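Biologist: I would like to learn how to read a protein model. Can we go feature by feature?

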Amino acid sequence: YRNIGALSQHYTVYAVDLLGCGLSSRPSWRSIRTADAAESFFVSSLEEWRQSVGLDRFILCGHSMGGYVAAVYTLRNPDRVAAAVLASPVGVPKQPPPVIPSKFTLRVLRSFVYSAWNVGITPQWLLRFSGWKGPELVGKYVRHRMNILDAIESVCISDYLYHMSMLPASGEYASSFMLAPGAWAHHPLEERLQACSVPLLFLYGDNDWMDASHAQRLSPLLSCPHTISIVSQAGR
(Lines give C-alpha, C1' and ligand atoms only; values in the text may rest on other atoms or scores of the structure.)
Protein backbone atom coordinates (compact mmCIF):
# COMPACT_ATOMS: atom_id res chain seq x y z
CA TYR A 1 0.00 0.00 0.00
CA ARG A 2 2.98 2.34 0.49
CA ASN A 3 3.87 1.94 -3.18
CA ILE A 4 0.47 2.60 -4.74
CA GLY A 5 0.72 6.38 -4.46
CA ALA A 6 4.07 6.54 -6.23
CA LEU A 7 3.07 4.02 -8.90
CA SER A 8 -0.18 5.82 -9.65
CA GLN A 9 1.74 8.95 -10.63
CA HIS A 10 2.92 7.08 -13.73
CA TYR A 11 0.41 4.27 -14.26
CA THR A 12 -3.24 3.47 -13.82
CA VAL A 13 -3.12 1.12 -10.83
CA TYR A 14 -5.68 -1.54 -9.94
CA ALA A 15 -5.16 -3.10 -6.49
CA VAL A 16 -6.92 -6.46 -6.66
CA ASP A 17 -7.71 -8.68 -3.68
CA LEU A 18 -7.55 -12.44 -4.24
CA LEU A 19 -10.74 -14.37 -3.64
CA GLY A 20 -11.36 -14.62 0.09
CA CYS A 21 -9.31 -11.52 0.89
CA GLY A 22 -10.29 -7.91 1.49
CA LEU A 23 -13.33 -6.80 -0.48
CA SER A 24 -13.25 -9.66 -2.98
CA SER A 25 -16.06 -12.18 -2.81
CA ARG A 26 -15.79 -15.44 -0.89
CA PRO A 27 -17.13 -18.22 -3.12
CA SER A 28 -17.26 -21.82 -1.98
CA TRP A 29 -14.02 -23.75 -2.27
CA ARG A 30 -15.51 -27.18 -1.54
CA SER A 31 -15.33 -28.42 -5.14
CA ILE A 32 -11.55 -27.95 -5.11
CA ARG A 33 -9.60 -31.16 -4.65
CA THR A 34 -6.47 -30.71 -6.80
CA ALA A 35 -3.69 -28.16 -7.29
CA ASP A 36 -4.91 -27.45 -10.85
CA ALA A 37 -8.41 -26.72 -9.61
CA ALA A 38 -7.05 -24.44 -6.88
CA GLU A 39 -4.99 -22.48 -9.40
CA SER A 40 -8.03 -22.11 -11.65
CA PHE A 41 -10.04 -20.89 -8.65
CA PHE A 42 -7.82 -17.79 -8.49
CA VAL A 43 -6.68 -17.39 -12.10
CA SER A 44 -10.14 -17.67 -13.65
CA SER A 45 -11.50 -15.01 -11.32
CA LEU A 46 -8.62 -12.70 -12.25
CA GLU A 47 -9.38 -13.22 -15.94
CA GLU A 48 -13.08 -12.50 -15.35
CA TRP A 49 -12.06 -9.30 -13.55
CA ARG A 50 -9.83 -8.28 -16.48
CA GLN A 51 -12.69 -8.73 -18.90
CA SER A 52 -15.10 -6.76 -16.69
CA VAL A 53 -12.67 -3.83 -16.46
CA GLY A 54 -12.02 -3.94 -20.20
CA LEU A 55 -8.23 -4.25 -20.07
CA ASP A 56 -6.50 -5.66 -23.15
CA ARG A 57 -2.91 -6.03 -21.95
CA PHE A 58 -1.47 -4.94 -18.62
CA ILE A 59 1.50 -5.26 -16.31
CA LEU A 60 0.67 -7.80 -13.62
CA CYS A 61 2.34 -7.59 -10.21
CA GLY A 62 1.81 -10.11 -7.44
CA HIS A 63 3.38 -10.49 -4.00
CA SER A 64 3.93 -13.77 -2.13
CA MET A 65 0.91 -15.97 -2.89
CA GLY A 66 -0.17 -13.28 -5.35
CA GLY A 67 3.19 -13.75 -7.07
CA TYR A 68 2.45 -17.42 -7.57
CA VAL A 69 -1.03 -16.62 -8.93
CA ALA A 70 0.42 -13.92 -11.18
CA ALA A 71 2.94 -16.38 -12.62
CA VAL A 72 0.28 -19.01 -13.33
CA TYR A 73 -2.03 -16.38 -14.88
CA THR A 74 0.83 -15.22 -17.11
CA LEU A 75 1.58 -18.76 -18.26
CA ARG A 76 -2.09 -19.33 -19.09
CA ASN A 77 -2.75 -15.91 -20.66
CA PRO A 78 0.55 -14.67 -22.15
CA ASP A 79 -1.22 -12.50 -24.72
CA ARG A 80 -2.83 -10.45 -21.93
CA VAL A 81 0.30 -9.72 -19.86
CA ALA A 82 2.79 -7.14 -21.11
CA ALA A 83 5.15 -7.97 -18.23
CA ALA A 84 4.90 -9.78 -14.91
CA VAL A 85 6.42 -8.57 -11.65
CA LEU A 86 6.89 -11.40 -9.16
CA ALA A 87 7.58 -9.88 -5.74
CA SER A 88 8.88 -12.50 -3.29
CA PRO A 89 6.80 -15.14 -5.10
CA VAL A 90 5.81 -18.31 -3.29
CA GLY A 91 6.50 -21.62 -4.96
CA VAL A 92 9.53 -21.04 -7.18
CA PRO A 93 11.81 -23.91 -6.02
CA LYS A 94 11.19 -27.62 -5.82
CA GLN A 95 10.67 -28.99 -2.34
CA PRO A 96 13.86 -30.59 -1.02
CA PRO A 97 13.77 -34.06 0.54
CA PRO A 98 12.11 -33.80 3.97
CA VAL A 99 14.34 -33.72 7.02
CA ILE A 100 12.87 -36.01 9.66
CA PRO A 101 13.70 -34.75 13.18
CA SER A 102 15.60 -37.17 15.38
CA LYS A 103 13.66 -36.28 18.54
CA PHE A 104 10.34 -38.05 18.98
CA THR A 105 8.49 -34.92 20.17
CA LEU A 106 9.62 -32.98 17.10
CA ARG A 107 8.55 -35.82 14.81
CA VAL A 108 5.12 -35.81 16.43
CA LEU A 109 4.87 -32.02 16.10
CA ARG A 110 5.91 -32.19 12.44
CA SER A 111 3.33 -34.89 11.76
CA PHE A 112 0.64 -32.83 13.47
CA VAL A 113 1.45 -29.70 11.44
CA TYR A 114 1.38 -31.62 8.15
CA SER A 115 -1.86 -33.39 9.04
CA ALA A 116 -3.52 -30.15 10.16
CA TRP A 117 -2.52 -28.38 6.93
CA ASN A 118 -3.75 -31.26 4.77
CA VAL A 119 -7.19 -31.26 6.38
CA GLY A 120 -7.59 -27.51 5.92
CA ILE A 121 -6.62 -26.06 9.30
CA THR A 122 -5.31 -22.64 8.32
CA PRO A 123 -3.90 -19.74 10.39
CA GLN A 124 -7.25 -17.99 9.92
CA TRP A 125 -9.08 -21.06 11.25
CA LEU A 126 -6.88 -21.02 14.34
CA LEU A 127 -7.59 -17.31 14.75
CA ARG A 128 -11.35 -17.88 14.60
CA PHE A 129 -10.93 -20.63 17.19
CA SER A 130 -8.93 -18.34 19.51
CA GLY A 131 -11.99 -16.26 20.44
CA TRP A 132 -11.35 -13.08 22.42
CA LYS A 133 -7.57 -13.63 22.23
CA GLY A 134 -7.65 -13.13 18.45
CA PRO A 135 -6.91 -9.38 18.26
CA GLU A 136 -3.98 -9.76 20.65
CA LEU A 137 -2.49 -12.61 18.62
CA VAL A 138 -2.79 -10.67 15.36
CA GLY A 139 -1.22 -7.60 16.98
CA LYS A 140 1.80 -9.63 18.12
CA TYR A 141 2.17 -11.16 14.66
CA VAL A 142 2.07 -7.76 12.92
CA ARG A 143 4.56 -6.19 15.34
CA HIS A 144 6.96 -9.10 14.80
CA ARG A 145 6.65 -9.51 11.04
CA MET A 146 6.24 -5.80 10.17
CA ASN A 147 8.40 -4.09 12.73
CA ILE A 148 9.10 -1.08 10.47
CA LEU A 149 5.50 0.13 10.84
CA ASP A 150 4.67 3.12 13.00
CA ALA A 151 2.11 2.71 15.78
CA ILE A 152 -0.89 3.89 13.75
CA GLU A 153 -0.04 1.67 10.76
CA SER A 154 0.46 -1.31 13.06
CA VAL A 155 -2.95 -0.86 14.67
CA CYS A 156 -4.71 -0.34 11.32
CA ILE A 157 -3.14 -3.39 9.68
CA SER A 158 -3.76 -5.56 12.74
CA ASP A 159 -7.42 -4.51 12.74
CA TYR A 160 -7.73 -5.16 9.01
CA LEU A 161 -6.15 -8.64 9.20
CA TYR A 162 -8.22 -9.65 12.21
CA HIS A 163 -11.59 -8.63 10.77
CA MET A 164 -10.74 -10.07 7.34
CA SER A 165 -9.89 -13.40 9.00
CA MET A 166 -13.18 -13.44 10.90
CA LEU A 167 -15.21 -13.39 7.67
CA PRO A 168 -16.34 -16.67 6.04
CA ALA A 169 -13.45 -18.77 4.77
CA SER A 170 -12.83 -19.18 1.06
CA GLY A 171 -9.50 -18.78 -0.75
CA GLU A 172 -7.48 -19.67 2.35
CA TYR A 173 -8.59 -23.30 1.98
CA ALA A 174 -7.88 -23.40 -1.75
CA SER A 175 -4.27 -22.36 -1.09
CA SER A 176 -3.58 -25.56 0.86
CA PHE A 177 -4.12 -27.55 -2.33
CA MET A 178 -1.45 -25.51 -4.14
CA LEU A 179 1.13 -25.44 -1.35
CA ALA A 180 2.57 -27.96 1.05
CA PRO A 181 3.60 -26.93 4.59
CA GLY A 182 6.56 -24.56 4.39
CA ALA A 183 5.08 -22.86 1.29
CA TRP A 184 6.47 -25.45 -1.13
CA ALA A 185 4.40 -25.58 -4.33
CA HIS A 186 3.02 -28.90 -5.48
CA HIS A 187 3.69 -27.64 -9.04
CA PRO A 188 6.91 -25.59 -8.65
CA LEU A 189 7.32 -22.52 -10.82
CA GLU A 190 10.93 -23.36 -11.66
CA GLU A 191 9.63 -26.26 -13.75
CA ARG A 192 7.01 -24.09 -15.50
CA LEU A 193 8.46 -20.63 -16.03
CA GLN A 194 11.00 -22.03 -18.50
CA ALA A 195 8.11 -21.99 -20.99
CA CYS A 196 7.25 -18.34 -20.26
CA SER A 197 7.44 -15.88 -23.15
CA VAL A 198 6.49 -12.76 -21.17
CA PRO A 199 9.15 -10.43 -19.66
CA LEU A 200 9.61 -11.11 -15.95
CA LEU A 201 10.89 -9.02 -13.06
CA PHE A 202 11.70 -10.88 -9.84
CA LEU A 203 11.76 -8.64 -6.76
CA TYR A 204 13.18 -9.71 -3.41
CA GLY A 205 14.11 -7.88 -0.25
CA ASP A 206 17.61 -8.18 1.17
CA ASN A 207 16.00 -9.43 4.40
CA ASP A 208 13.44 -11.68 2.78
CA TRP A 209 11.79 -14.91 3.87
CA MET A 210 11.69 -15.91 0.19
CA ASP A 211 15.16 -16.55 -1.19
CA ALA A 212 16.42 -14.71 -4.28
CA SER A 213 18.84 -17.57 -4.95
CA HIS A 214 15.95 -19.64 -6.29
CA ALA A 215 15.30 -17.11 -9.06
CA GLN A 216 19.03 -16.74 -9.65
CA ARG A 217 19.34 -20.49 -10.12
CA LEU A 218 16.38 -20.44 -12.50
CA SER A 219 17.72 -17.50 -14.53
CA PRO A 220 19.96 -19.45 -16.99
CA LEU A 221 17.01 -21.68 -17.88
CA LEU A 222 14.66 -18.83 -18.81
CA SER A 223 14.30 -17.90 -22.47
CA CYS A 224 12.16 -14.80 -21.83
CA PRO A 225 13.64 -11.37 -20.96
CA HIS A 226 13.99 -11.23 -17.19
CA THR A 227 15.58 -9.26 -14.36
CA ILE A 228 16.23 -10.13 -10.72
CA SER A 229 16.32 -7.13 -8.39
CA ILE A 230 17.14 -7.01 -4.67
CA VAL A 231 15.49 -4.19 -2.72
CA SER A 232 17.66 -2.88 0.12
CA GLN A 233 16.26 -2.68 3.65
CA ALA A 234 13.22 -4.71 2.63
CA GLY A 235 11.83 -8.15 3.28
CA ARG A 236 10.19 -10.18 6.00
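Biologist: What is Leu193 in contact with, leaving aside its neighbours within four places in sequence?

Modeller: Contact means heavy atoms within 4.5 Å. By that rule, Leu193 touches Ala71, Leu75, Leu86, Leu200, Phe202, Leu218 and Leu222. Keep in mind that this is a predicted model: local features need pLDDT of at least 70, side-chain atom pairs count only at pLDDT 80 or more, and totals for chains, interfaces and linings use all residues. Residues are numbered from 1 along each chain as its sequence is written, and side-chain values use heavy atoms, with hydrogens and water left out.

Biologist: How many residues does the largest nonpolar core have?

Modeller: Definitions come before the count. Buried means under 20% relative accessible area, exposed over 50%, and partly exposed in between (1.4 Å probe, protein chains only). A nonpolar core is a set of buried Ala, Val, Leu, Ile, Met, Phe, Trp, Tyr and Cys residues joined through side-chain atoms within 4.5 Å. The largest one here has 43 residues, and Leu193, Leu200 and Phe202 have the most contacts inside it. Among the elements that each supply at least two residues of this core are α2, β1, α3 and β5 (200–207). Helix α3 gives the most, with 7 residues. Apart from this core lies another, of 6 residues, including Leu127, Val142, Ile157 and Tyr162.

Biologist: Why is α3 called largely enclosed?

Modeller: Because 10 of its 12 residues are buried. Among them are Met65, Gly66, Tyr68 and Thr74. Their cover includes α2 (35–53), β1 (58–63), β2 (81–87) and α8 (171–178).

Biologist: Let us look at α8. Is Ser175 there buried or exposed?

Modeller: Ser175 is in helix α8. It counts as buried, because its relative accessibility is 11%. Beyond its neighbours within four places in sequence, Ser175 is in contact with Phe42, Met65 and Trp117.

Biologist: Where does Glu172 lie, and what is it in contact with beyond its neighbours within four places in sequence?

Modeller: Glu172 also lies in helix α8. At 10% relative accessibility, Glu172 counts as buried. Beyond those neighbours, Glu172 is in contact with Thr122, Gln124, Trp125 and Arg128. Now compare sequence with space. Glu172 and Gly20 are 152 residues apart in sequence, but 6.8 Å apart in space, C-alpha to C-alpha.

Biologist: How do I read phi? Which value does Ser88 have?

Modeller: Most residues other than glycine have a negative phi. Ser88 is not a glycine, yet its phi is positive, about 45°. Ser88 is found in the loop between β2 and α4 (104–118). It counts as buried, at 9% relative accessibility.

Biologist: What phi does Gln233 have, and is Gln233 buried or exposed?

Modeller: Gln233 has a positive phi of about 55°, although it is not a glycine. Its place is in strand β6 (residues 226–235). Gln233 is exposed, with a relative accessible area of 77%.

Notes:
Helices (H or I, at least four residues) and strands (E, at least two) are DSSP runs, numbered from the N terminus.
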